[in-house]
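Let's take a walk through this protein together.

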Amino acid sequence: MLSFESDYIQGAHEKILERLAKTNREPLSGYGNDKYCESAKEKIRQACGCEEAEIFFLTGGTQTNQIVISSMLKSYEGVAAAETGHVSVHEAGAIEHSGHKVLTIPGHEGKIKAEELAAYLKAYWEDSSHEHMVFPGMVYISHPTEYGTLYTERELADIAGVCGEYSIPLYLDGARLGYGLMSRETDVTLAKIAKYCDVFYIGGTKVGALCGEALVFPKKNMPAHFLTLVKQKGGLLAKGRLLGVQFDTLFTDDLYFRISAHAIEMAERMKEMFREKGKRFFLDSPTNQQFLILEDGELARLKEQVNFDIWERYDEGHTVVRFATSWATEPEDLEKLREIMP
């Protein structure tokens, strides 16, 4: 079956597999205290333009979100996120399981607006009974969002300004960050994310790694005894080298950015093909996730030959579906899709 179901359906980039094999028999200290983790951290600091950044490697996105949010919030605080945000919808209540409520605010094609966030926080603090409510202690955004959309630098700056006014951290989920950074329509860089955000992660699982996310605290604000907290929450790998080797490889010779740019090129070709076929787009995504509105009969026929993600119901006879390219998508895959797509 031809598959555009997601960007983590392939294993890992060949250079990573080669590096893992090459270093496999080398004895190294555990828990991330090895030379490859240190080398990867230094390369990420350079890429972020942030020499003082503190970096920690974790295995997956949901785990990272739960550990970050639960470690940085007080027991009576929750995290504000778009109603469509990943922590709000697709993490099986992982944040709530840690004892912290997800406080939802309106989402606009996956994004939150600074003025609506400000209004939400203002209303909270002006409520005479706010001591009886969950305190908003953090703001969560994803970039790209769950709809493949991107924040502009101005939008990031405005949201960061609101967070600063209320003295709460801004956390950016970068599960697909490479695809956002290499979009043709972005003005956001790693250095700008490090400037505006209090914590963020660089996704590897969806961008060429076998597994792994690089968590970055750019303002020397890593919670005290963070390694202990990670271990307490079940997220500490004894063989931390597994993550260090992968990120050291991804951040050598711009591999992370080159393979992300490839996914964007494949997505742009896909979009053009969809336009030529007269397909309806649900929204305009500048990244590797593309959303179409398909008639239900067409969807059923296409599903017989192609894997893609069913997103949401559009109306009585139509469904929104998602096609995702990745670092591993080949031009031949798109040609096959062109032949199949009515």
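Contact, or touching, means heavy atoms within 4.5 Å. With that in hand, look at Ile 202: leaving out residues up to four places away in sequence, its contacts include Ile 44, Leu 177, Val 216 and Phe 247. What you're looking at is a predicted model, where local features need pLDDT of at least 70, side-chain atom pairs count only at pLDDT 80 or more, and totals for chains, interfaces and linings use all residues. Residues are numbered from 1 along each chain as its sequence is written, and side-chain values use heavy atoms, with hydrogens and water left out.

A nonpolar core is a set of buried Ala, Val, Leu, Ile, Met, Phe, Trp, Tyr and Cys residues joined through side-chain atoms within 4.5 Å. Buried means under 20% relative accessible area, exposed over 50%, and partly exposed in between (1.4 Å probe, protein chains only). The largest such core has 60 residues, and Ile 44, Val 139, Phe 200 and Ile 202 touch the most other members. A second, separate core holds 22 residues, among them Tyr 201 and Leu 236.

Most residues other than glycine have a negative phi, and most peptide bonds are trans. The bond from His 143 to Pro 144, though, is cis, with omega near 0°. Ser 167 isn't a glycine, yet has a positive phi of about 55°; His 225, also not a glycine, has a positive phi of about 55°. Ser 167 counts as exposed because its relative accessibility is 64%, and His 225 is exposed at 64% as well.
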